[in-house]
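Good morning, colleagues. Please have the model in view as I speak.

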Amino acid sequence: MVAIEELLPNGRYDEARGNRQSACTGRYTVTGNHIDYVDLGFTATGDIRDGIPFHEHLVHYREGDERARQ
């Protein structure tokens, strides 16, 4: 299943999973190279390395980034 997470400029995120739009939404904050996600049912953390968010066991690439196809 493909998940597409959009980090919005207002500190909110919207994640689509498979055919389900807005399957997970919440807010995020970035402090230095650290990112925190907060939703009603969970919290998660990650780090930003070379502009790429690493969230738990996932790596989030920008749309169109060739590395996402590997």
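The chain contains 0 helices and 7 strands, where helices (H or I, at least four residues) and strands (E, at least two) are DSSP runs numbered from the N terminus. Along the sequence the pattern therefore reads β-β-β-β-β-β-β.

On provenance, this is a predicted model, in which local features need pLDDT of at least 70 and side-chain atom pairs count only at pLDDT 80 or more, while totals for chains, interfaces and linings use all residues. Residues are numbered from 1 along each chain as its sequence is written, and side-chain values use heavy atoms, with hydrogens and water left out.

Next, the surface. The accessible area of the chain is about 5,400 Å², and carbon and sulfur atoms hold 47% of that; the method is Shrake-Rupley with a 1.4 Å probe. Of the 70 residues, 27% are buried, meaning under 20% relative accessible area.

As for contacts (heavy atoms within 4.5 Å), consider those with a separation of 6 or more: residues 24 or more positions apart supply 9% of them.

How many aromatic pairs does a search of the whole structure find? The search returns 1, with ring centres required to lie within 6.5 Å. The partners are Y13 and Y37, at 5.5 Å centre to centre and 85° between the planes, an edge-to-face arrangement (over 60 degrees). Y13 belongs to strand β2 (residues 12-17) and Y37 to strand β4 (residues 34-38), so the pair ties together parts 24 residues apart in sequence. Both partners are buried: Y13 has 2% relative accessibility, and Y37 has a relative accessible area of 1%.

How values were computed
Buried < 20%, exposed > 50% of the residue type's maximum accessible area, 1.4 Å probe, protein only. Phe/Tyr/Trp six-rings, centres within 6.5 Å; stacked < 30°, edge-to-face > 60°.
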